[in-house]
Amino acid sequence: MSDSGRSFPMHVSLDEARSSFAALLASRLAAHELAPLAACYGRILAQDLSALVSHPSATDSALDGVACREADTLQASPDTPARLRLIGESRAGAAFPGAVSTGEAVRIYTGAPLPDGADAICPVEQLRDAGEGHTELLRPASPRDVRHAGSDFRAGEVVLRAGQLLTPQRVALAAALGHARLPVRPRLRVGLLSTGDEVVEPGERLQEGQVYNSNLYGLLGLVQQSGHETLMLGSAPDSPRALSQALERAGGADLLLTSGGVSMGRYDLVRDLLIEDGEVAFWKVRMRPGGPALCGSWRGTPLFGLPGNPVSALVVFEVLVRPALTGLPTRTVRLRAGENFRALPDKTAFWRGVLREGAVVEYPKQASSVLRSLSESDVLVIVPEGQPVRAGEEVEVMLS
C-alpha cells in the first residue's frame, strides 16, 4: 500500500513477477513478421521452424577418396594393400550413374553422392596409384565416413525453437532448412534510463561519492542480446521534474527500463512517479539480489524499474526481464555443490558462483555493489526460499 492510498501487490514470488511483466508486454510481442534471412541476425524466432528438406539430401561422402565395398578391403594394410578397379567418379552435383560391384571402386569427393553398391570410403591419403585404372587401399575402407541421407535433419523435423536468438549459426541452419524468410518477434524499442544525482558518464571527472553509469551499458548489451533495440536516455538526477523530462525523451518506446530510484528512500523517485502518476503492477520481489524491483506502466508504456546497485540490476534483468523479451525461460543446469549454500527464509537467493574441479562454490564477495563479481563468476546459484544446499548435493544454476 502506498502513501497515496493505492494498493498493489508487494513482495511477489518470481513466478508472479514473470507472469505480471509478460502480461504487460503481451500485446506488443503478440504479432510476428516475416523477415528475409539477411535481416534476421539478432532477432528472436517467433515460431518453431521445421526442415523443408532433409540434410544431407542424399547419402554422401564425408571426405575425398574412393567409394567401395567394405568387405573387399577388410585385410588392407601397407604391406598387403587391397587392389580395386576404378570405374568412374562421383562429385557434388554429378553423381556416378552406375553401381559398384565386387572388386570395384569409384573416386569420390566430399559431399558427392555414394554410388549404389558402395558402403564405405577410404580417404585419399590412404590410396596408392596402382596404374592401369586401378588403386590400392593401404587400410580398410570405413562406413563411418559415409554421411547418410537425413542424418543431420529430416524434412518435417522441428529444428529451431520459438524464442531462440537468431545467431549467425542459427541463421545459417535456417537457410539449410530451406527457409528464405523467417518468422521473427517484433523488435521492441527499449528506453534505458539511469537515475541518481551520483551517476555520471564514463570519461567525466568523478567526484567523491559519485559512480560511473555502468548500468546503462550493461543493460544496453543485455537488451541487444535479447533481440531488441535500445534508446539511450542517459541519466536523470534526483528530481521529479528531471525524471519526468527524461522519460518524455523516450517517445515511441515500447518499454522503459530504469535503474535506481525503486527502494524505500526519500529520493527513490521512480517509485513515487509510478505510484502517483502511473500504474503499479507489483513492487518488490522475493529474491536477492534485486528485491526492490518495480513493475508497471507510465503514460501507457510498460516500465520496469531495476534496482540501482549494478549486480542487482543485471541479475534482475536475467531473471525477470530477459524471459519476457525472448519468450524463453531462464537457462539452467544442475551441478554439484562444492560447499554449503545458505538459504534465505523468505527469498530465493541468486548467489554468484565459480566452477572448481567439476563443482560450484560461492564467489567470495556477494555484495550487490561488487560489479566485478559478475564478470568473474561462472554461474548464478539458485537457492530456493528456506532450502539450503549442502556440499555434495546437486544445485540448480543459471549459466552466465
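**Entry 1: source of the model.** I note that this is a predicted model.

**Entry 2: largest pocket.** I looked up the largest pocket and found a volume of about 830 Å³. I counted 25 residues in its lining, with Gln-225, Glu-318, Arg-322, Arg-331 and Leu-399 lying nearest the centre. Which element supplies the largest share of this lining? I found that helix 6 does, with six residues. At least two residues each come from helix 3 (214–225), helix 6 (310–326) and strand 27 (394–399). By class I have twelve nonpolar, nine polar and four charged residues in the lining of the largest pocket.

**Entry 3: second largest pocket.** I then turned to the second largest pocket, which has a volume of about 420 Å³. Its lining has 26 residues, and those closest to the centre are Glu-198, Asn-215, Gly-260, Gly-308 and Asn-309. Strand 14, strand 16 (211–212), helix 3 and helix 6 each give two or more residues to this lining. I sorted the lining of the second largest pocket into nine nonpolar, 14 polar and three charged residues.

**Entry 4: helix 5.** Which residues of helix 5 (269–277) are buried? I list Leu-269, Val-270, Arg-271, Leu-273, Leu-274 and Ile-275. On the helix side the partner is helix 4 (240–248). The strand partners are strand 14 (189–195), strand 18 (255–259), strand 19 (279–285), strand 21 (294–298) and strand 22 (301–306).

Entry 5: I traced an open sheet of six strands in the order 8-5-7-6-10-9, and its pairing is mixed. Strand 8 (120–123) and strand 9 (127–131) are the edge strands, each pairing on one side only. From one strand to the next, the twist averages 40°. Within this sheet I looked at strand 6 (82–90) and strand 7 (104–108), which run parallel and are joined by four bridges. Glu-89 is opposite Arg-107 of strand 7.

**Entry 6: strand 26.** Strand 24 (348–356) pairs with strand 26 in the antiparallel sense over five bridges, and Trp-351 has Val-381 as its bridge partner. Strand 27 also pairs with strand 26 in the antiparallel sense, over four bridges; here the bridge partner of Leu-380 is Met-398. Strand 27 is also on my list from the largest pocket, as one of the elements that supply at least two residues of its lining.

**Entry 7: Ser-61.** I placed Ser-61 in strand 4 (60–61). Is Ser-61 buried or exposed? I have it as buried, because its relative accessible area is 0% and the cut-off for buried is under 20%. Setting aside neighbours within four places in sequence, I find Ser-61 in contact with Ile-108, Tyr-109, Thr-110, Gly-111, Ala-112, Ile-121, Asp-145 and Arg-147.

Key. Residues are numbered from 1 along each chain as its sequence is written. This is a predicted model: local features need pLDDT of at least 70, side-chain atom pairs count only at pLDDT 80 or more; totals for chains, interfaces and linings use all residues. Side-chain values use heavy atoms; hydrogens and water are left out. Buried means under 20% relative accessible area, exposed over 50%, partly exposed in between (1.4 Å probe, protein chains only). Contact means heavy atoms within 4.5 Å. On a 1 Å grid over the protein atoms alone, a cavity is a set of points where a 1.4 Å probe fits but cannot get out, and a pocket is an open set with protein on both sides within 12 Å along at least five of seven lines; lining residues have an atom within 4 Å of a point. Grid points are joined across faces, edges and corners, and a volume is the space filled by probe spheres set on the points. Ala, Val, Leu, Ile, Met, Phe, Trp, Tyr, Cys and Pro count as nonpolar, Asp, Glu, Lys and Arg as charged, and the others, Gly among them, as polar. Two strands pair if DSSP finds at least two bridges between them. Axes are lines fitted to C-alpha atoms, for helices over the stretch in contact, and angles run from 0 to 180 degrees between N-to-C directions.
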